[in-house]
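Subject: Structure handover and notes

Dear colleague,

I am passing on the structure below, and my notes on it follow directly after. Please read them with the model open beside you.

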Amino acid sequence: MYWIWTLIVGAIIGAIAGAITNRSGSMGWIANIIAGLAGSALGQALFGSWGPQLGGMAVLPSLIGAVIVVAVVSFFVMRVTAKK
């Protein structure tokens, strides 16, 4: 049950990060989960685990990390698709 809750929270964090960066239209729900989980790991590694916790993730550092991940990934995806 813990992993299901973690995936749900990761998807929500990824969707919020996509909405903040205006890049959510190009990402599907699987990419939102991946961005949320990767952003959570990055955010907690960089900023620690302060703030409210949900699903084993500190929400605020996870959201900041997910915004960074979505921005970087969308930058590279746009560069690759522009060259085609």
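Trp-50 counts as partly exposed at 41% relative accessibility, where buried means under 20% relative accessible area, exposed over 50% and partly exposed in between, using a 1.4 Å probe and protein chains only. Before going further, please note that this is a predicted model, in which local features need pLDDT of at least 70 and side-chain atom pairs count only at pLDDT 80 or more, while totals for chains, interfaces and linings use all residues. Residues are numbered from 1 along each chain as its sequence is written, and side-chain values use heavy atoms, with hydrogens and water left out.

To return to Trp-50, this residue sits in the loop that runs between helix 2 and strand 1 (53-54); helices (H or I, at least four residues) and strands (E, at least two) are DSSP runs numbered from the N terminus. Once neighbours within four places in sequence are set aside, Trp-50 is in contact (heavy atoms within 4.5 Å) with Ala-58, Leu-60 and Pro-61.

In the model, residues 6-22 are 94% helix and 0% strand, with the end C-alpha atoms 24 Å apart. Residues 29-47 are 100% helix and 0% strand, and there the end C-alpha atoms lie 26 Å apart.

Next, the helix packing. Helix 2 (residues 29-47) packs against helix 3 at an angle of about 115°, the two axes being 6 Å apart; axes here are lines fitted to C-alpha atoms, for helices over the stretch in contact, and angles run from 0 to 180 degrees between N-to-C directions. On the helix 2 side the contact includes Ala-35, Gly-36, Gly-39, Ser-40, Gly-43 and Gln-44, and on the helix 3 side Pro-61, Ser-62, Gly-65, Ala-66 and Val-69 are among the residues involved.

Two residues of helix 3 deserve a look of their own. Ser-62 lies in helix 3 and is buried, with a relative accessible area of 0%. Not counting residues up to four places away in sequence, Ser-62 touches Ile-13, Gly-39, Ser-40, Gln-44 and Met-57, and its C-alpha atom is 8.0 Å from that of Leu-37, 25 residues away along the chain. Ala-66 also lies in helix 3 and counts as buried at 0% relative accessibility. Beyond its neighbours within four places in sequence, Ala-66 is in contact with Ile-13, Ala-17, Ala-35, Gly-36 and Gly-39, while the C-alpha atoms of Ala-66 and Gly-43, 23 residues apart along the chain, are separated by 7.2 Å.

Ala-66 also belongs to the largest nonpolar core, whose nine residues are Val-9, Ile-13, Ala-17, Ala-35, Met-57, Leu-63, Ala-66, Val-69 and Val-70; such a core is a set of buried Ala, Val, Leu, Ile, Met, Phe, Trp, Tyr and Cys residues joined through side-chain atoms within 4.5 Å. Helix 1 (2-21) and helix 3 (59-83) each supply at least two residues of this core, and helix 3 provides the largest share, with four residues. In helix 1 there is also Ala-19, which is partly exposed, with a relative accessible area of 47%.

Finally, the aromatic rings. Rings of Phe, Tyr and Trp (its six-membered ring) pair if their centres lie within 6.5 Å, and planes under 30 degrees apart count as stacked, over 60 as edge-to-face and the rest as tilted; by this rule there are two aromatic pairs. Tyr-2 and Trp-3 form an edge-to-face pair, because their ring centres are 5.7 Å apart and their planes stand at 75°. Phe-75 and Phe-76 form an edge-to-face pair as well, at 5.4 Å centre to centre and 70° between the planes. Trp-3 counts as exposed, at 63% relative accessibility, whereas Phe-75 counts as partly exposed, at 47%.

With best wishes
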